[in-house]
Amino acid sequence: MAGSGVFSEIIDGEVFKYYADGEWLTSSSGKSVSIVNPTTRKTHYKVQACTQEEVNKAMEIAKAAQKSWARTPLWKRAELLHKAAAILKEHKAPIAEALIKEIAKPAKDAVTEVVRSGDLISYCAEEGVRILGQGAFLVSDSFPGNDRTKYCLTSKIPLGVILAIPPFNYPVNLAVSKIGPALIAGNSLVLKPPTQGAVACLHMVHCFHLAGFPKGLISCITGKGSEIGDFLTMHPGVNCISFTGGDTGIAISKKAGMIPLQMELGGKDACIVLEDADLDLVAANIVKGGFSYSGQRCTAVKVVLVMESVADAVVEKVNSKVAKLTVGPPEDDCDITPVVSESSANFIEGLVMDAKQKGATFCQEYKREGNLIWPLLLDHVRPDMRIAWEEPFGPVVPVIRIASAEEGIHHCNASNFGLQGCVFTKDINKAMLISDAMESGTVQINSAPARGPDHFPFQGIKDSGIGSQGITNSINMMTKVKSTVINLPSPSYTMG
Ligand code: NAP
């Protein structure tokens, strides 16, 4: 159970503690933040509302801890990460329970998220040992006008203190996708978990504590983003921000100082379906891609652009699969569970009502109970409807019928977002041409968009983000190149 067994020290009465300087602490604010269970809509957990002084302290300690961590041999850093990964996987049950209660993640998916996170940490350790164990050696006579009098040695050095801010939908996985690369590269880390998902994150951080990481290297500061977010992101002690979330990231980019930023933001992933596509495969992927975790995934299929000639068949096949989706509480491992908050459910409803007013075809009856929204496919969606452009982050998938592939590409490229997209066709040449023409960070051919496997590059363009994640890219992003140049008194040529 969450907050019990090895996790009993992370809770004080009914409020979970925050983590700094290698200890579990109660905030001097005397205030807590409530975490509302999306299913019951009642407060389920409470976490500390940390103060600015506590943030200052964590930053100060992180800076000092990073210096000695950077002097810790790479193999030892890797060893500790492997240990944390094993502890995390061993304690998957209470962490998964927190995911069920805080963010209504279906039971099986909650366990999968924790296990995948353990694997991610181990992979960071292995990849880090390889890529950080290598540098470059350059000689000066390859550039015109130079003799071979200079040898340049480059290596990768840590940035310092990384501020990690993950979103609610994968709080554990998207936290470790920042923590693993940051630590193996010799950085320290301050984590600000999402409010919904904070308790799962605190448990995950305790696994790093149990693994024996040095004091102060990792801190976990809880509190509402709207209250402590600006103070954290504009803090002079931060050397890099790795953020995943919505438009908040755009605001952070404008406020942050001259530091590297990794921003993974929203998406409106388009699914283009051509006439020659395998329609059963298409339907299976629209349902999986659009409705998994009730559509609350950055890479969910968020608009289907289907050729008119096959649209009726695709809609029919999708509808028959939608009818089989189970709807209910996450504890029962239902396919569709309540969305994260009432405000999120209201937002989704706003998009649905706008589409209704403007004449979209409802393939199912719109149904909502509290935060639970039944899966809904909207056909004959037109570009004047909000759902054609906005990210519902809920179990609602719009279908736009197109007359040509170009029309689909045009709709995809007219979006402010550019995270992922997908195209279904049996013609690989067409698929490649469409992929090249789509303005998105990744295009999947004959499968729904997906983040992962976690070592694949993952990036958005336009409002979908800055930089590229994926284990290797994140490790590189959280380092800087350092050169040392050896200047020789006279040109020297190997064997010459
Ligand atoms: P969000 O509202 O942007 O919140 C993300 C994180 O930012 C949370 O930890 C939040 O804390 C924090 N935050 C809020 N205000 C802040 C501020 N002023 N300064 C610093 N941090 C602040 O996003 P969300 O609702 O959790 O997640 C959904 C969004 O994430 C969707 O748009 C989805 O597409 C996107 N997403 C993108 C990816 C990707 O890889 N591209 C992956 C997953 C999700 P609180 O919870 O305390 O407010």
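The structure is a predicted model, in which local features need pLDDT of at least 70 and side-chain atom pairs count only at pLDDT 80 or more, while totals for chains, interfaces and linings use all residues. Residues are numbered from 1 along each chain as its sequence is written, and side-chain values use heavy atoms, with hydrogens and water left out.

The largest pocket has a volume of about 1300 Å³; on a 1 Å grid over the protein atoms alone, a pocket is an open set of points with protein on both sides within 12 Å along at least five of seven lines, a cavity is a set where a 1.4 Å probe fits but cannot get out, and lining residues have an atom within 4 Å of a point. Grid points are joined across faces, edges and corners, and the volume is the space filled by probe spheres set on them. Of the 44 residues that line the largest pocket, those closest to its centre are Phe-168, Gly-245, Gly-246, Asp-247 and Thr-248. Helix H7 (225-233), strand S12 (240-244), helix H8 (248-255) and helix H11 (342-357) are the elements that give two or more residues to this lining, helices (H or I, at least four residues) and strands (E, at least two) being DSSP runs numbered from the N terminus. By class, the lining of the largest pocket holds 18 nonpolar, 18 polar and eight charged residues, where Ala, Val, Leu, Ile, Met, Phe, Trp, Tyr, Cys and Pro count as nonpolar, Asp, Glu, Lys and Arg as charged, and the others, Gly among them, as polar.

## Between the domains

The C-alpha centres of domain 1 and domain 2 lie 32 Å apart, and the contact between them takes 18 residues from domain 1 and 21 residues from domain 2, contact meaning heavy atoms within 4.5 Å.

The second largest pocket, with about 510 Å³ of space, has 22 lining residues, of which Thr-112, Arg-116, Tyr-170, Arg-297 and Arg-451 are the closest to its centre. Because domain 1 and domain 2 both give residues to its lining, the second largest pocket lies between them. Helix H4 (107-131), H5 and helix H9 (279-291) each supply at least two of the lining residues, and H4 gives the most, with four. The lining of the second largest pocket divides into eight nonpolar, six polar and eight charged residues.

## Helix packing around H2

Helix H2 (residues 74-90) packs against helix H5 (residues 173-184) at an angle of about 155°, with the axes 9 Å apart; axes are lines fitted to C-alpha atoms, for helices over the stretch in contact, and angles run from 0 to 180 degrees between N-to-C directions. This angle makes H2 roughly antiparallel to H5, since angles under 35 degrees count as roughly parallel, over 145 as roughly antiparallel, 65 to 115 as roughly perpendicular and the rest as oblique. On the H2 side, Leu-74, Arg-77, Ala-78 and Leu-81 meet Gly-180, Leu-183 and Ile-184 of H5, and the contact of H2 with H5 comprises five nonpolar, one polar and one charged residues.

H2 also packs with H4, here at about 170° and with the axes 8 Å apart, which makes H2 roughly antiparallel to H4. Among the residues that make this contact are Leu-74, Ala-78, Leu-81 and His-82 of H2, together with Val-114, Val-115, Ser-117 and Gly-118 of H4. The contact of H2 with H4 has 10 nonpolar, five polar and three charged residues.

## Cavities

The structure holds two cavities of 30 Å³ or more. The largest cavity has a volume of about 60 Å³, and its lining residues include Lys-268, Asp-269, Ala-270, Cys-412, Glu-439 and Ser-440. Its lining has four nonpolar, four polar and three charged residues.

The second largest cavity, of about 40 Å³, is lined by Leu-120, Ser-177, Pro-181, Arg-451, Asp-454, Gln-469, Gly-470, Ile-471 and Ser-474. The elements that give two or more residues to the lining of the second largest cavity are H5 and helix H14 (471-477), and the class counts for this lining are three nonpolar, four polar and two charged.

## Backbone details in loops

The peptide bond from Gly-452 to Pro-453 is cis, with omega near 0°, and Pro-453 is placed in the loop between strand S22 (442-445) and strand S23 (458-459). Phe-393, although not a glycine, has a positive phi of about 50°; Phe-393 is found in the loop between strand S19 (376-379) and strand S20 (396-402).

Note on methods. Domain bounds come from an automatic or database domain assignment.
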